[in-house]
Amino acid sequence: MARFLCGFLLTVLVAGTSAQMSFLNPNFDYQTLGLQAVMTYWDKDESIHELVQVLQDQIPMNLSEPCRDAVHQWVFDLLKRESYAIAMADAAGKLPAGILLGHILVFGHFDQCMALKKLNNKTGVMESAANYCLTRLKHPLMEGKLPALPAFGVCLPHACANERDSNAFVTELFRVLRRAKELEAVQGICIKPLAKNAGFYIMASLIGLIIVTITAAAVVDCIYRRRYKESPNNLLHGSELNDVTVQIYGDSKTVNGNGLPVMTTQHTVVTQKPKYGYANVPACLKPLLCYNIMTNVRSVLSTRVEEEISFLHGFRVLSIWWIILGNTYFFGRNFFENSLSFFADIKTAKFQLILNSGYAVDGFLMVTGVLISYALFRELQKNNGKLNWLSVYFHRWWILTPVYMFVMLFYVYVLPHGIQSPFKLLIAQEGIPTDYCKSHWWTNMLYINNFIPFLKTRQCMNWTWLLALDMQFFLIAPLIIYVLYKNRIAGMAVIGALIVACVAATMSLIGYYGLPIHHWQDAVYNSTETGYDKNIDYINEKPYTRITPFVIGLALGYVFHIIPANKASNPNSRLMAAIGWTVSLVLAVPLLFGAHFAGWYVERPPQEMSVSSRIAYGGLQRLGWSLVIGWILFACQYGYGGPVRRFLASRFWRPLSSLTYGAYIVHMLTLQLHLASQIHMIYYSGLNMLCIFLAQLVLAYTVALLIAVLVEVPLLRLERLILRRAL
């Protein structure tokens, strides 16, 4: 009976893996394998009382008394061939195939464990039989040799579903292995019922209120909507009309029913089309019409574009797609069963497009700078150099913050109820991400979450540092644009000084701390002599190291404003296009693939690259990439883009561009929901990752469309109604 308990449990843990065990441990005791061998240790005529006495000696004494009693009952039911007891053992983790490829997270079967029921003999009611627990395995031989501690999942009685008992149980479970005497289970964590708190009910009420408001808006729309034909007078005097198409010298432009065309001429012809509008709507009901779902959907999915800078829509969308692609791999790498295959793939040239997806952030910031600059210069010109500063800043805050807050509340109080899996426990062992939002939500609302909290691993919604950068840059953008409007030389000097300061700050930080050139290297950076802490962000999320593409975008927007596209013809356009694209390509290739061909792989310790090389590469890479992006935008604006411009200016991109903000802010939610809800590891391959990426695009844009229609667009229309008295 001495080997009974451990032997029996190991039957279900390592049955079918004896060949693996003999390879890993030649001295493994084969008598512990197989139900036949285990059952020989128990005489079926032996009384239960005698068996209890033996079990009390065999079951680890460091288990709590309730847990030890529950394990007694479990073993008894196993011997009686109770189906739930056998299924509990079957649901526990087993040594997997592919250990040499990095398959070290052994989960067992989560759903099978959580679905088990047994009859309560006292009440006669079927009740939950077990709970799922996950532990990490620690051994002296593993220290410093694995990217993460191996994980092991077990299905335990409810009395054992706590950290102390789950750790003790798994530790003793492996004691039968003669070379596992020093192995210890740590960080045990079990599934706990997630109660619906006040935050959940507030979010449910808010969503319900939005649905009721949309329903009421539909009723008001049916009552007051009228059909008529437009006339030039209606357009020029402003009324509650939809957007109209204006033909100016054959060029199509979209203008709002409450404003004038950008270019005025005596030959303007307004195309009359049947339209819908509202008549005699009471003032108290007008806010409801902001939630007219059909109008909002048409607004989001409209393909009308302003021809002058329409190519920015395509560039903006592709930048976000590149960001989502990079995050799919970066976050997904924690879920691969063949992680060593993934790290081998990192060394290939094609993978550099994934590793360098951070450049997409620079592209996005530059496009943002161009749009802000272009719009504000037009506003200054329209108002003779005057700017309503309060309106400018409030509008930016209103565009970003309500949607941001809505998504955050959903992330904290609703999303956790949609995930129950081993991966949720695996993530919780390092800290529950939603808990960080409960303590640091205010940093996100103030857009300082890239500074506070100090540790990047404690940030709320840690992918939203880009929103913090966006707002921080916008705070100074109107000031720079105003200086540039008043004095071109002074404005360009300010932009140049900011670029120099950004490059100098980046180089200084890399040199002082000996930073790696890529944030993917954090996992293998084990040098502490310079004071570098991989849990602290030094350059990736900070405005003083990321502002270069944004201010170049401001300068480019100024150029687009003062030099119209149709006045920039050049007799040597082909030569200039050839030179521009060649120089751009010469810069882009080393920035994307240079580190790869030089053998500077991200899984290698950063110290293998000299500090001076890291300073030069890290300090100049964003400036170089900004010049590449700047040429592409310049070429598309002034006739050097050819097929590139035609592709980026396609009407296809316009609806997707309007959903860019929503897609970015929710893409990590949908990605986490998909990956963290898996009950087994994911096999890494290029095709699998492509499928996950495409699925995430569809899911992120679908959720973004819902948020735009239900929250974002109604609030923007409400702002226009209050400030401009028009829908």
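1. Salt-bridge network. D362, R546 and R622 are joined in a network of salt bridges, a salt bridge being a side-chain nitrogen of Lys or Arg within 4 Å of a carboxyl oxygen of Asp or Glu. By this rule the count comes to eight salt bridges. As background, side chains of opposite charge can pair when their charged atoms come close.

2. Basis of the values. This is a predicted model, in which local features need pLDDT of at least 70 and side-chain atom pairs count only at pLDDT 80 or more, while totals for chains, interfaces and linings use all residues. Residues are numbered from 1 along each chain as its sequence is written, and side-chain values use heavy atoms, with hydrogens and water left out.

3. D470 and R396. These side chains form a salt bridge with an N to O distance of 2.8 Å. The pair links distant parts of the chain, 74 residues apart: D470 lies in helix α20 (residues 465–486) and R396 in helix α17 (residues 389–413). Helices (H or I, at least four residues) and strands (E, at least two) are DSSP runs, numbered from the N terminus. D470 has a relative accessibility of 9% and counts as buried; R396, at 16%, also counts as buried. Buried means under 20% relative accessible area, exposed over 50%, and partly exposed in between (1.4 Å probe, protein chains only).

4. K542 and D537. The closest N and O atoms of this salt bridge are 3.1 Å apart. K542 is buried, with a relative accessible area of 7%, and D537 is buried at 8%.

5. D77 and K80. Here the salt bridge has an N to O distance of 3.5 Å. D77 counts as buried at 6% relative accessibility, whereas K80 is exposed, its relative accessible area being 54%.

6. Strand β4. Seven of the eight residues of strand β4 (residues 131–138) are buried, so the strand is mostly covered. Strand β4 runs antiparallel to strand β5 (residues 151–156), with six bridges joining them, and C133 stands opposite V154 in β5. Strand β4 also runs antiparallel to strand β6 (residues 184–190), through five bridges; R136 stands opposite V186 in β6. Two strands pair if DSSP finds at least two bridges between them.

7. Overall content. The protein has 29 helices and 11 strands. Of its 727 residues, 50% count as buried. The accessible surface comes to about 34,100 Å², and 63% of this belongs to carbon and sulfur atoms; accessible areas come from the Shrake-Rupley method with a 1.4 Å probe, and for residues only the protein chains shown count as cover. Of the contacts (heavy atoms within 4.5 Å) with a separation of 6 or more, 77% are between residues 24 or more positions apart.

8. Confidence. The average pLDDT, the predictor's confidence in each residue from 0 to 100, is 81 for the protein, and 80% of the residues score at least 70. Over residues 1–49 the pLDDT is below 50, and this stretch has 83 contacts in the model beyond near neighbours in sequence. Over residues 228–274 the pLDDT is below 50, and here the model again has 83 contacts beyond near neighbours in sequence. Where pLDDT is low, the predicted coordinates should not be read in detail.
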